[in-house]
Amino acid sequence: MSRIATASLIGTAIEFYDFYIYGIAAALVLNEAFFPNLSPATATLASFSTYAVAFVARPLGSVVFGHFGDRVGRKSMLVVSLLLMGLSTVAIGLLPSYSTWGLWAPIALVTLRFLQGIGLGGEWGGAALLAVEHAPAKRRGMFAAFPQLGPSLGFFAATAVFLALSTGLSERAFSMWGWRVPFLASIVLVAVGLMVRLKISETPAFATVMARNDASRIPFVEVLRAHPKELLLGAGAMTAAYGLFYTATTYCLSYATGPLGVERNTMLVVSLVAVLFLAAGTWLAAVRSDTFGRRKMVLAGTAAATLWGLALFPLMDTTHPLLITLALGGALFCMGLIYGPMGAYLPELFQVRVRYSGASLAYNLGGVLGGALTPIVAAQLQSGIGSSAVGWYVSALGMVSLCCVLLLPETRQRDLYSSAG
């Protein structure tokens, strides 16, 4: 189990590092590098739009990787998803800017971001199943916490690398080539991840499916036919977690360093501290879900998120670093309370023969609802109404997720080997 936990943690950390460095770059520099002819506000929206492309691609990745993950195996799909994400990320680091390549530069950027989304769409479900389907029945929440900690570790690493470059380089050097370094460094991380993942075994639950010749012929269609409620409500339950994360990280980074005038390095340090709250909330809720149940912990998280959305921007607008840290740390802690139990909750909602497809698709559809549009909607609300409207939007997402979880059952005692779910 220690090898399984390590493989699921390292793999998701690397893939989310790749995914998040794009978000940080989108907030800080991609608008200038790829959309220099637009006004600052329009360029920021264009940069966030390329960022959102990956969220549209993630459900497609879930369908593709889920199909083969439910028919061929979890392990092989985790290796392919890691390679796709890593190579796409390195290619972004090598991409010529608008001044060199003209219109082809943003077109290529969107294409590579789309491929990133495909890769990440297949990553989470496989990593979660790797942990959950190997874990003892009474400790599934705890072992599922390891892939759930991947985003915290990946975001911390991504922010730390950008902070080091921003501190050590001049503004011109950072804008010219410094921002590319985190993308190029991904090749080393991918090599490490592959070494770890190639040593793990297939999950016992999937091996049982193969032994009884029970693999689904078309998993995606079977999910839609047999699990429509679980799919839609699971996606809705994830919406608040995504909304909190991408508001507190991508949008708030842009908002603070832009309209509020907070120094870039200050915000990067604040982000490093705030993500520790995410890790704490994730671990706490995931482990406690083995005792109190997944549903109760997620309900607590969505209720907290609904309330915290109203406090987020009044704290941000003070421009005081400590209060901004409190604002972002509180938002990410609430997100962790939702996100931690989801590593076990979503897989437990689906029967074993379509679990990769069902859990992945629910997870990534939640990303479309809560992650893809949040930075764009937030930027529009802030410019048109004010920052308080963004807080109300976050609270609304929390309420949507709360209602969805209320309609879902508790799953802690379910048998993961059952063909009937």
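I count a contact as heavy atoms within 4.5 Å. The model is predicted, so I took local features only at pLDDT of at least 70 and side-chain atom pairs only at pLDDT 80 or more, while totals for chains, interfaces and linings use all residues. Residues are numbered from 1 along each chain as its sequence is written, and side-chain values use heavy atoms, with hydrogens and water left out.

**Entry: Tyr242**

I began at Tyr242. I found Tyr242 in helix α13; helices here are DSSP runs (H or I, at least four residues), numbered from the N terminus. Is Tyr242 buried or exposed? Tyr242 is buried, at a relative accessible area of 5%. (Buried means under 20% relative accessible area, exposed over 50%, partly exposed in between, with a 1.4 Å probe and protein chains only.)

I then listed the residues that Tyr242 touches, leaving out those up to four places away in sequence. They are Phe55, Arg58, Tyr363, Asn364, Gly366, Gly367, Gly370 and Gly371.

**Entry: nonpolar cores**

I looked up the cores next. A nonpolar core is a set of buried Ala, Val, Leu, Ile, Met, Phe, Trp, Tyr and Cys residues joined through side-chain atoms within 4.5 Å. The largest one has 104 residues. Which residues have the most contacts inside it? They are Phe34, Met316, Leu328 and Leu346. Helix α13 (residues 228-257) gives the largest share of this core, 16 residues. Another core, of seven residues, lies apart from it and includes Ala7, Leu78, Ala127 and Ile200.

Not counting residues up to four places away in sequence, Leu346 touches Trp124, Gly234, Met238, Ala359, Ala362 and Tyr363.

**Entry: α15 against α16**

I took helix α15 (residues 294-316) with helix α16 (residues 321-348). They pack at about 160 degrees, axes 8 Å apart. Axes are lines fitted to C-alpha atoms, for helices over the stretch in contact, and angles run from 0 to 180 degrees between N-to-C directions. The two helices are therefore roughly antiparallel (the term covers angles over 145 degrees). Their crossing is left-handed: the near helix is turned anticlockwise from the far one by less than a right angle. I sorted the contact residues by class and got 21 nonpolar, three polar and three charged. Ala, Val, Leu, Ile, Met, Phe, Trp, Tyr, Cys and Pro count as nonpolar, Asp, Glu, Lys and Arg as charged, and the others, Gly among them, as polar.

I also checked the loop between α15 and α16, where Thr319 sits. Its phi is near 60 degrees, positive in a residue other than glycine. Thr319 is partly exposed, with a relative accessible area of 34%.

**Entry: α16 against α17**

α16 packs on helix α17 (residues 355-372) at about 145 degrees, with axes 9 Å apart. This crossing is right-handed. α16 brings Tyr339, Leu346 and Pro347; α17 brings Arg355, Ala359, Ala362 and Tyr363. By class I found six nonpolar, no polar and one charged.

In helix α18 (residues 374-384) the buried residues are Thr374, Pro375, Ile376, Ala378 and Ala379. Just after α18, Gly386 has a positive phi of about 135 degrees.

Asn213 is not a glycine, yet has a positive phi of about 50 degrees. Asn213 is exposed, with a relative accessible area of 72%.

How values were computed:
Parallel < 35°, antiparallel > 145°, perpendicular 65-115°, else oblique.
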